[in-house]
Amino acid sequence: MMKKIISSLLISILFILTAVAQKPMDKFEIQVDGLGCPFCAYGLEKKFKEFKGIKQVQIEIQTGDFKFEYPSEKQLTMDAIVNQVKKAGYTPKTAKIIRSNGGVEALEVPLKSNTDSDQLVTEIVNVKGNCQMCKARIESAALATKGVDKAIWDVETKMLEVAFDRKQISVKKIAKNIALAGHDAAKITAPKEVYEALPVCCYYNNPNLKTH
Amino acid sequence: MIRIISCFLLSIVFVACSKTQKDWQLKKEIKLDDVYPIGLAVLNDQLWLSDGDNNRLVQINEDGKIEKELVDFERPMHIGLSKNTLLIPEYGRDTISTYTGGKKGFLRDIPKLDAPAGVFTLGKEVAIADFYTNTVHFFNGSIWLKIGGKGTAEGKFNYPTDVHLSTGFIFVADAYNHRVQVFDKSGRFVKVLGQNLGINAATGIYVADKELFITDFENSRVFVVSLENELIQEITQAIEKPTDMLIYNEQLYVVNYKSGIVSVYER
């Protein structure tokens with residue numbers, strides 16, 4: 001009798017352990033711009049550990065690659081990931097979710113929008129910023145503007161080379177969108193609250209900060 | 001006339017000698033293998049490094065070879081020393097771990113932490129730099145004092161990453177305010193150091209008798225300044241993303257996170 005009880009108990013424990021071990025997990029792969037300081041990178045990792053149940057966290061400081069797994073049943077969304085990266089003070093460059101059922105969701109910084117090559121013009125705009133994180137933010141804001149074909153910001157010269165479809169958009173509108181992302185562009189000043197919400201290393205009005 | 005010239009020459013020689021004595025010169029670089037050092041300490045004449053990326057502490061020899069390894073930490077940062085005990089702030093675990101005579105433990109009865117980045121002891125005094133709460137916790141031998149809070153004003157911090165105690169003062173690496181702040185032992189703000197150097201992320205500090213050493217992480221420099229904030233030397237040779245330093249056997253050891261090199265200087 002006792003043997004039967006113990007056997008049943010052991011089988012039950014084994015069953016539960018197996019069930020837990022086989023819990024379906026979604027995989028997350030994110031690339032973040034601006035990592036490089038261990039305090040920052042470990043901070044990003046720490047913020048994601050707020051997601052209870054997170055597993056297999058891997059972070060490559062040099063490349064900005066960040067991976068983890070999370071229980072499928074919790075249905076962690078792309079928006080939640082992007083918000084958490086921003087909460088830690090960074091800009092997501094790309095993000096991919098591989099769901100346990102095989103589904104894939106991807107977030108990419110747009111490289112090109114629908115533009116008419118005959119109408120493309122290139123202009124150089126002065127945009128304030130400091131670092132690689134600023135670069136990612138500035139270029140993302142420009143490329144997210146409909147009609148922009150190319151945007152490359154130089155950390156050293158603070159100049160943005162932007163190619164755009166002049167029939168769709170003006171340089172003033174592009175500058176406005178960049179300012180709304182926190183960076184003074186052309187003669188348009190970023191809203192104070194947006195500027196103050198930038199990571200501290202992006203405070204381009206702080207004379208102590210040097211380009212990095 | 002000869003006397004005047006002699007005095008003049010002697011003065012030049014004296015000044016030149018003084019200058020030479022002040023400058024730290026690179027003696028050697030100790031290349032590490034897959035170690036990304038953040039903090040360092042000397043325990044029983046052995047050099048220990050915290051390796052944050054690999055969640056471990058390593059004890060290395062003069063050639064950089066790992067002789068001992070302690071694992072299972074969560075992002076160990078600026079390690080400290082108390083007699084024969086290594087103190088290890090675990091950034092990812094919100095604890096101060098200890099290592100004494102081969103045994104691991106925890107520092108007990110400490111304030112609640114959120115990403116401790118540095119720890120330092122002097123006698124019965126303990127100081128902890130707590131990154132996310134923008135606070136330095138200081139135990140004066142009987143009670144814990146709380147110093148700081150988030151901000152850019154004097155006495156406030158923007159992510160403190162390291163702390164050092166001298167007999168009279170508490171020195172704090174106020175990393176993203178790009179400066180070092182000094183407090184007295186009652187927690188009162190005393191002064192700012194290094195704010196004029198163009199530092200970008202003052203991540204580590206070391207205080208000697210008359211000098212303060214500051215790492216300028218993003219610009220890959222180490223500054224040596226007097227306690228009156230006069231610049232003594234800017235070290236750039238063999239420096240790549242430095243995080244911490246100490247003086248041992250009259251040599252300056254600087255750990256470089258990015259290159260994985262311990263740079264050793266002498267005067």
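This report looks at the fold of chain B and at one of its sheets.

## Ground rules

The model is predicted: local features need pLDDT of at least 70, side-chain atom pairs count only at pLDDT 80 or more, and totals for chains, interfaces and linings use all residues. Residues are numbered from 1 along each chain as its sequence is written, while chains are lettered from A and ligands numbered from 1 in the order in which they are written.

## Chain B overall

Chain B comes with one helix and 24 strands (DSSP runs numbered from the N terminus: H or I of at least four residues for helices, E of at least two for strands). Its C-alpha atoms fill a box of roughly 70 × 45 × 30 Å along the principal axes.

## A four-stranded sheet

In chain B, four strands make an open, antiparallel sheet in the order 14-15-16-17 (strands pair if DSSP finds at least two bridges between them). At the edges sit strand 14 (160-165) and strand 17 (189-193) of chain B, each pairing on one side only.

Strand 16 (residues 179-184) of chain B runs antiparallel to strand 17 of chain B, and four bridges join them. Across from Phe183(B) you'll find Phe189(B) in strand 17 of chain B.
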